[in-house]
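Have the sequence and the 3D view open as you read.

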Amino acid sequence: MSDTLQSVRGMNDILPAETPAWQAIEGLLKQIMLSYGYQELRVPLVERTELFKRSIGEVTDIVEKEMYTFEDRNGESLTLRPEATAGIVRAGISNGLLHNQRHKIWATGPMFRYEKPQKGRYRQFHQFDVEALGFGGPDIDAEMIMMSARIWRELGLDKIKLQINSLGTTESRGVYKEALSAYFLQHETELDEDSKNRLHRNPMRILDTKNPAMADLVAAAPKITDYLDDESREHFSVLQELLDQAGISYTVNPRLVRGLDYYSRTVFEWVTDQLGAQGAVCSGGRYDGLVEQLGGKPTQAVGWAIGLERLIALCEERGCVPVLEHPHVYLVLAGEGALKPGFVLAESLRDELPDVRIELNCGGGSFKSQFKRADKSGARFAVVLGDEELAQGTVGIKPLRGDGEQQTVPLADLAVSLRQALAL
Ligand code: ATP
Ligand code: MG
């Protein structure tokens, strides 16, 4: 096949056989958002490149090597969003939503990162994102985490574990960074190339390395939790009490620093060992300085993002993908005379039974081949309209699953009979 007919590497089609799982999971997420009082915000897929550089940070994997950046026809540098928070904060500032206000927001859609495509890691992937802007306390951090725990619970997911950490404030982190630099300087010869580069620019990024050869060195590094200021320590301990009370288990992982520069205090990640190397399903944290850093009034905030491809893969792995939605009814039109009245019947059934999924046989075919299609569609009932039925003003209802008998009912009673048969 010529290259032009292939999708771009790392960017996938989501096929009709897969979309029911997506829709079911997105539906569940939206319903949970509603139940916690969060509202949807839709932001553009493209922002000025500067926005991501200033928010995510210059010395991060994303900004250094993963962004899809291009010049538009005016010569302005634009970037396909690699994540949602920067755009949401930008929208909050530019629409005047943040000053002395609080917002609980969710957003969803595709994100773009130029990464090495592999299972669970794509160049276009989808996130479901939640942000609370204007909230500073550990209570909302706990709510954020409880909300994500509810999602796993309602999906019936297990084997997903919570790690939490606190990054303290900019000031306390400054002291920690010095200690960390001193430690890594002592071990400079053991650092890989990436980490050597980061040592002077942002030593905390070294903790985020995915290089297994560096694991021991990172494990023995100073712990950020030993450097927290009093307020951050208190914040972190209240969060833990609220999680304990809610019965949510977690481990404190002092190496969890997250791949973006804008975090402060609470950070967390839900990780699974069921998806190979790509184990982070949901990650988030507090970013109290970001709004101000982007030119807004100081606004404390916290958020998380789920990687939907990974969540769906985990549901598949654990056997809890929501069921496919087959049609309820497949309308078989036997004989030439049935075509026109068949269309009238299908439309009037859809008027009368808006919650019933009705597939009409298109493309003709013998009685037998239409029944084959009806069976393949997964429908529970075939409704049969043939010359005989037309002549008598009746219609046949044939169960396609199990071994019930076909019944013949007057056309006028079809909607009522179907509702009964489907127990709706
Ligand atoms: P990772 O450590 O796996 O690279 P990350 O720290 O870069 O993840 P975030 O920026 O926090 O990820 O994004 C939030 C979530 O989005 C992740 O927990 C993950 O589930 C998902 N995610 C991130 N990058 C990708 C990708 N390239 N393909 C698919 N999902 C992704
Ligand atoms: Mg990453």
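In this predicted model, a polar side-chain atom of Arg 310 lies 3.0 Å from an oxygen atom of ligand 1. Such a polar contact is a pair of N or O atoms within 3.5 Å. The table lists this pair with two others.

| Residue | Atom of the residue | Atom of ligand 1 | Distance |
|---|---|---|---|
| Arg 310 | polar side-chain atom | oxygen | 3.0 Å |
| Tyr 122 | backbone N or O atom | nitrogen | 2.9 Å |
| Gly 307 | polar backbone atom | oxygen | 3.3 Å |

Taken alone, ligand 1 exposes 580 Å², and the protein buries 91% of that; these accessible areas come from the Shrake-Rupley method with a 1.4 Å probe. There are 16 residues around ligand 1, and Arg 113, Glu 115, Arg 258, Ala 280 and Ser 283 come nearest (a residue is near if one of its heavy atoms lies within 4 Å). The shell divides into six nonpolar, four polar and six charged residues; Ala, Val, Leu, Ile, Met, Phe, Trp, Tyr, Cys and Pro count as nonpolar, Asp, Glu, Lys and Arg as charged, and the others, Gly among them, as polar.

Which strand gives the most to the shell around ligand 1? E10 does, with four residues. Strand E6 (124-133), strand E10 (280-286) and strand E11 (301-307) each supply at least two. Strands (E, at least two residues) and helices (H or I, at least four) are DSSP runs, numbered from the N terminus.

Now for the sheet that holds these strands. Its eight strands form an open sheet with mixed pairing, in the order E1-E5-E6-E11-E10-E9-E7-E8, where two strands pair if DSSP finds at least two bridges between them.

A note on conventions: residues are numbered from 1 along each chain as its sequence is written, and chains are lettered from A and ligands numbered from 1 in the order written. Local features need pLDDT of at least 70, side-chain atom pairs count only at pLDDT 80 or more, and totals for chains, interfaces and linings use all residues, while side-chain values use heavy atoms, leaving out hydrogens and water.

Key:
A polar contact is a pair of N or O atoms within 3.5 Å; within protein, one must be able to donate a hydrogen and the other to accept it, and residues adjacent in sequence count only if both atoms are side-chain atoms.
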